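Welcome! Below are some exercises to work through with the structure open beside you. Try each task before you read its solution.

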Amino acid sequence: METARVLVAADKFKGSLTAVQVAERVTAGLRRVVPGVRVEALPVADGGDGTVAAAVAAGFERHEARVTGPLGDPVTAAYALRDTTAVVEMAEASGLQHLPAGVFAPLTATTYGSGELLAAALDAGARTIVFGVGGSATTDGGAGMLAALGARFLDADGNPVGPGGGGLADLAEADLSGLDPRMADVDLILASDVDNPLTGPTGAPEVYGRQKGATEEDIATLDAALAHYASVLGPDRAWLPGAGAAGGIGYGALVALDARFRPGIEVMLDVLGFAPALARATLVITGEGSLDEQTLHGKAPAGVAAAARAAGVEVVAVCGRLALPPEALTGAGISRAYALTDLEPDPAVSMAQAGPLLERASEAIARDFLL
């Protein structure tokens, strides 16, 4: 099959390999078996951490800005720019990766730096901003982000409320009149792989608070504070899909910045130029660290597979671990999945040796699909 053209469109293996490294390892494995095979790499992301890296790999220019981290300390955050389109990843400014090991601040972590990062993209000339939200250390409903863009959140005495979701319990007045006027002229696309509402049993505090260090008491406090915040800003938007994304930053973007929500992988496939790359391919290899039930709900491999199936191109997947039955894979449009744990059952060793193992898995793909 000398005419085979393989498109590698995989997400990162979290904790082991970046999306770019996944593509490199898959390519190396394929070429060990079929030296002349044509391979095109298009690392993908679904709006969460790794989104800027995927955009840069696709030809966007990387820019950096010093912004406020989730704990209030300065951090360096990157965004990507091509022409007048920017890809801004909130986790770059307000993500869990900026917290010291074992340190959490569920009630006070702020998205202020995410607002500063949006402003930096505006300063660079962005007119369309893909705002990837996920991996946040925060549950402040986007109040910090809006404050960085000129909004004022005041208590009954007219003083600014404290940082983070906890401070919103004291909110008496939200003044949005000072918001950066440039935001009104920007097409802001909220790109997320989750469609949770802001509050309630499927809301941001309840579903995602624990991974940010919140106790059960903290979760109740945050849920009540965000509900109060929404009652001041606009409760009708709190139930929109994506409002609960990244600790409720989705809500802030929807209610105050007129963002429009789109599934992150759909947006990123458009931005990265997936359709023309797919048109050149006879086989697509996608994947991520864990292929599981979550994959089927808006994660990158499911989006890649759906687009490829619509175009009639066969898809196989690589992953660290596989927790989906064959019928679920077939239903998602994936012919077969190759898991690293099939080669090395010890998860710790599998993660540590992910690169070489992925090359071996890719050799198997080449033998099964390219010879």
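Helices (H or I, at least four residues) and strands (E, at least two) are DSSP runs, numbered from the N terminus. This is a predicted model, in which local features need pLDDT of at least 70 and side-chain atom pairs count only at pLDDT 80 or more, while totals for chains, interfaces and linings use all residues. Residues are numbered from 1 along each chain as its sequence is written, and side-chain values use heavy atoms, with hydrogens and water left out.

**Exercise 1. The whole protein**

Task: Find how many helices and strands the protein has, and say how its radius of gyration compares with the globule rule.

Solution:
- Step 1. Start with the secondary structure, which comes to 16 helices and 13 strands.
- Step 2. Next, take the radius of gyration (over C-alpha atoms; the globule rule is 2.2 Å times the number of residues to the power 0.38). The protein has 21 Å, close to the 21 Å that the rule gives for 371 residues, so it is as compact as a globular protein of that length.
- Step 3. Along the principal axes, the C-alpha trace spans about 75 × 45 × 35 Å.
- Step 4. Now ask what is buried (under 20% relative accessible area; exposed is over 50%, and partly exposed is in between, with a 1.4 Å probe and protein chains only). Of the 371 residues, 56% count as buried.
- Step 5. Finally, look at contacts (heavy atoms within 4.5 Å). Among those between residues at least 6 apart in sequence, 72% join residues at least 24 apart.

**Exercise 2. Asp 83 and Ala 246**

Task: Locate Asp 83 and Ala 246, and decide whether each is buried or exposed.

Solution:
- Step 1. Asp 83 sits in the loop between strand E4 (74–82) and strand E5 (85–89). Its relative accessible area is 70%, so Asp 83 is exposed.
- Step 2. Ala 246 belongs to helix H9. With 10% relative accessibility, Ala 246 counts as buried.
- Step 3. Check the backbone angle phi: near 55 degrees for Asp 83, and near 50 degrees for Ala 246. As background, most residues other than glycine have a negative phi. Asp 83 has a positive value, and Ala 246 has a positive value too.

**Exercise 3. Helix H16**

Task: Work out what span is expected for helix H16, and why this helix is largely enclosed.

Solution:
- Step 1. H16 covers residues 354–369, which is 16 residues.
- Step 2. The expected span of a helix is 1.5 Å times one less than its number of residues. H16 reaches 22 Å from its first C-alpha to its last, close to the 22 Å expected.
- Step 3. Because 12 of its 16 residues are buried, H16 is largely enclosed by the rest of the structure. Among the buried ones are Leu 357, Leu 358, Ile 365 and Phe 369.
- Step 4. The partners that the buried residues pack against include helix H1 (19–33), strand E11 (283–291) and helix H15 (347–352).

**Exercise 4. Cores and rings**

Task: Identify which residues touch the most other members of the largest nonpolar core, and how many aromatic pairs a search of the whole structure finds.

Solution:
- Step 1. A nonpolar core is a set of buried Ala, Val, Leu, Ile, Met, Phe, Trp, Tyr and Cys residues joined through side-chain atoms within 4.5 Å.
- Step 2. The largest core has 54 residues, and Ile 129, Phe 131, Leu 146 and Tyr 229 touch the most other members. Helix H9 (residues 245–256) gives the most to this core, with eight residues.
- Step 3. Another core lies apart from it, with 41 residues, including Val 304 and Val 315.
- Step 4. Rings of Phe, Tyr and Trp (its six-membered ring) pair if their centres lie within 6.5 Å; planes under 30 degrees apart count as stacked, over 60 as edge-to-face and the rest as tilted. The search finds two aromatic pairs.
- Step 5. One of them joins Tyr 229 and Tyr 251, at 5.6 Å centre to centre and 70 degrees between the planes, which is edge-to-face. Tyr 229 lies in helix H8 (residues 216–233) and Tyr 251 in helix H9, so the pair ties together parts 22 residues apart in sequence.
- Step 6. Tyr 229 is buried at 0% relative accessible area, and Tyr 251 is buried at 0% as well. Ring pairs link Phe 153, Tyr 229 and Tyr 251 into a cluster.
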